[in-house]
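I opened a new page for this structure.

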Amino acid sequence: MINVTKTFLPDQEKYLQYVREIWERGYVTNNGPLLQELEAQLKDYLQVDHLYFCGNGTIVLQIAIKALEITGEVITTPFSYVATSNAILWENCTPVFVDIDAKTFNINADLIEASITPATTAILATHVYGNPCDIEKIEEIAKKHNLKVIYDAAHAFGVKYKNRSLLSYGDLSTCSFHATKVFHTTEGGALISNHPELDRKLALLRAFGHQGDEHYLYAGINGKNSEFHAAMGLCNLPHVPEIISARKEIFDAYDSILNWDILFKPVMHPEIEYNYAYYPVVFPSEEVMKNVMEALRVENIIPRRYFYPSLNTLSFMPRQIACPVSEDIAVRVLSLPLYVGLPYSDVERISNIINSHLLP
């Protein structure tokens, strides 16, 4: 079976060396030495000053909203994983969906101001597939209306925008280190802050809001991660350049074989160094997409409808806001298999199956 992704696993013996150290210390969680080492290495790799390794990519969104004291309405995108909007709801805020740009699939920054009301306190935008949002426009709007900016950068590890880590933009950026990501810690996530004054607050919010065993300063949450997850991260981090390079080869192979007279994919920002996190393609109709999906499944090839459905259409959203571009793309997009070790012959086979089902 060829799945849409396959977890990269490092040398087993290297990981077990860390596990033996954990056993010897008997220190398995609560901001342990491996976690601190991983945070230091991540800050160095990303060239950022303030980073917190946490339990997953959803909890970091919740902590970001809490840390910035966001209330009321939050402008966000309908084209993202459900964690983005769920985090807003979990923090008792209201997601206000703004439609996406038809070329980049990111939130359409030109439409944001029309959705701002006196209750709006923040913008939470996703760098979809690791492709940067219109950062300058969003920052300009945020300054004009005194709004906080959080970037859901779950897909953006290793991406650089204008020679800076894409994770270094906004008041806070969040990242996912789930096992399916370019860099992973099995489960995990990170908060990246541009505000030194948030340092202590983020650390406290991640650990129940308590300092020591007796002093409770915030209504915090359990956002911590373990030494075992940190060990996986320490093993994987040195491999990120080769992982990105291998993914690029597969990306380029799809580019060279697929029928671009009929298909299209997001337009990447020209000023980025990309991480090749996903390979989404958009079909001429949902019917064609489903036919291709079924043809691939017959061959034990499992792509993913990512992102589907458009989040504004979910029944539990407090406001039903039409987002026609997102709704249209969401029913036609399919992410193709992309992972280290996927043979060129399989990329060719996948591409040929797709091409053959695009014809009348």
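What volume does the largest pocket have? I read about 480 Å³ for the largest pocket, keeping in mind that this is a predicted model. I then looked up its lining, which has 29 residues; Tyr81, Thr180, Lys181, Tyr278 and Tyr306 are the closest to the pocket centre. Sorted by class, I found 12 nonpolar, 12 polar and five charged residues in the lining of the largest pocket.

Next entry: cysteines. A disulfide is a covalent bond between the sulfur atoms of two cysteines. I counted zero disulfides here. For cysteine 54, I found that the nearest cysteine sulfur belongs to cysteine 175 and is 11 Å away, and cysteine 54 is in no disulfide. Cysteine 323 is in no disulfide either, and I noted the sulfur of cysteine 133 as the nearest one, 15 Å away. I also checked accessibility: cysteine 54 is buried at 0% relative accessible area, and cysteine 323 is buried at 0% as well.

Last entry: threonine 77. I located threonine 77 in the loop between β3 (73–76) and α4 (82–90). Is threonine 77 buried or exposed? Threonine 77 counts as buried because its relative accessibility is 1%, and the cut-off for buried is under 20%. I listed its contacts beyond four places in sequence, among them Phe97, Ile107, Leu124 and Leu311. I saw that the threonine 77 side chain reaches the backbone nitrogen of phenylalanine 79 at 3.0 Å. Going back to cysteine 323, I noted that its C-alpha atom and that of threonine 77 are separated by 9.4 Å, with the two residues 246 residues apart along the chain.

Methods
Residues numbered from 1 in each chain as written. Predicted model: local features only at pLDDT ≥ 70, side-chain atom pairs only at ≥ 80, totals over all residues. Heavy atoms only, no water. Helix = DSSP H or I, 4+ residues; strand = E, 2+ residues; numbered from the N terminus. Buried < 20%, exposed > 50% of the residue type's maximum accessible area, 1.4 Å probe, protein only. Contact = heavy atoms within 4.5 Å. Polar contact = N/O pair within 3.5 Å; in protein donor to acceptor, adjacent residues only side chain to side chain. 1 Å grid on protein atoms, 1.4 Å probe; cavity = no way out; pocket = protein on both sides within 12 Å on 5 of 7 lines; lining within 4 Å. Points joined across faces, edges and corners; volume = space filled by probe spheres on them. Nonpolar A, V, L, I, M, F, W, Y, C, P; charged D, E, K, R; others polar. Disulfide = S-S within 2.5 Å.
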